[in-house]
Amino acid sequence: MSAFDSVTARRIAAAALTAGALVSVVTLPASAADHARPERSKVKISDVQYDSPGRDDRSNRSLNREWVEITNTGRRSVNLDGWTLQDEDGRTYTFDHYRLEGRATVRVHTGIGRDTDSDLYQDRRHYVWDNRSDTATLRNDRGRFIDDESWGHHRHGGHHR
């Protein structure tokens, strides 16, 4: 093998290695995207009606006009079984066998009613949410904080959305 052939062989080998490196760099983002984590659904308190419109006469109609909306902003459904919604005084509603679909909202009413996909009922005979100031806190089935919403003159300085 001549010196010329040796130089040519090294150039071909270097070109092949360079081309291989370029191909692997170009394909890396595509393969990394294939193994990316799936989008996590985000569940949040999206609205609160803490002051039931009209007279507070403790009628079931009035109680059910007090509610908290929970929204899943993600595409995937989230199993809320065992999740809790609680006020500052410790009154707690626990979700039971409920799945919140992706990009959906459920209203949790204070009074008595028949649960549906979009409306759940705490089946209480007394108001839960204080009209002056309170905090609605949502926790998952492990007790981990998910979201809260505060209103009135409050230690969290929150507001009604």
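Is Arg-91 buried, exposed or partly exposed? Arg-91 is partly exposed, its relative accessible area being 31%; buried denotes under 20% relative accessible area, exposed over 50%, and partly exposed the range in between (1.4 Å probe, protein chains only).

The structure is a predicted model, in which local features need pLDDT of at least 70 and side-chain atom pairs count only at pLDDT 80 or more, while totals for chains, interfaces and linings use all residues. Residues are numbered from 1 along each chain as its sequence is written, and side-chain values use heavy atoms, with hydrogens and water left out.

**Figure 1. Overview of the protein chain.** The protein chain contains two helices and ten strands; helices (H or I, at least four residues) and strands (E, at least two) are DSSP runs numbered from the N terminus. From the N terminus on, the order of elements is α-β-α-β-β-β-β-β-β-β-β-β. Of the 161 residues, 30% are buried. Among contacts (heavy atoms within 4.5 Å) between residues at least 6 apart in sequence, 51% join residues at least 24 apart.

**Figure 2. The salt-bridge network of Asp-87, Asp-89 and Arg-91.** These three residues are linked in a network of salt bridges, a salt bridge being a side-chain nitrogen of Lys or Arg within 4 Å of a carboxyl oxygen of Asp or Glu. Between Arg-91 and Asp-87, the closest N and O atoms are 2.8 Å apart. Between Asp-89 and Arg-91, the corresponding separation is 3.2 Å. Asp-87 is buried, with a relative accessible area of 4%, whereas Asp-89 is exposed at 62%. Side chains of opposite charge can pair when their charged atoms come close.

**Figure 3. The salt bridge between Arg-107 and Glu-69.** A search of the whole structure finds three salt bridges, and one of them joins Arg-107 to Glu-69, with the closest N and O atoms 2.9 Å apart. Arg-107 lies in strand 7 and Glu-69 in strand 2, so this pair ties together parts that are 38 residues apart in sequence. Glu-69 is buried, with a relative accessible area of 15%, while Arg-107 is partly exposed at 29%.

**Figure 4. The open sheet with strand order 1-2-7-8.** Four strands form this open sheet, with mixed pairing; two strands pair if DSSP finds at least two bridges between them. Strand 1 and strand 8 (119-121) stand at the edges, each with a single partner strand, so one side of each lacks a neighbour in the sheet. Neighbouring strands are turned by 25° against each other on average, direction ignored; the axes are lines fitted to C-alpha atoms, for helices over the stretch in contact, and angles run from 0 to 180 degrees between N-to-C directions. Strand 7 and strand 8 pair in the parallel sense over three bridges, and Val-108 stands opposite Leu-120 in strand 8.

**Figure 5. The open sheet with strand order 5-4-9-10.** This sheet has four strands and antiparallel pairing. Its edge strands are strand 5 (92-94) and strand 10, each pairing on one side only. On average, neighbouring strands here are turned by 15° against each other, direction ignored. Three bridges join strand 4 to strand 5, where Thr-84 stands opposite Thr-94. Strand 4 (residues 84-86) also pairs with strand 9 over three bridges, and Leu-138 in strand 9 is the bridge partner of Leu-85.

**Figure 6. The hairpin of strand 9 and strand 10.** Strand 9 and strand 10 (residues 145-151) run antiparallel and are joined by six bridges. Five residues lie between the two strands of the hairpin, and Gly-143 in the turn has a positive phi of about 85°. Five of the six residues of strand 9 are buried.

**Figure 7. The largest nonpolar core.** This core has 22 residues, and those with the most contacts inside it are Ile-45, Val-68, Ile-70, Leu-85, Phe-95 and Trp-129; a nonpolar core is a set of buried Ala, Val, Leu, Ile, Met, Phe, Trp, Tyr and Cys residues joined through side-chain atoms within 4.5 Å. Strand 1 (43-49), strand 2 (67-72), strand 7 (104-109) and strand 9 (134-139) each supply at least two residues of the core, and strand 1 gives the most, with three. Not counting residues up to four places away in sequence, Leu-85 touches residues including Ile-45, Val-68, Phe-95, Val-108 and Trp-129.
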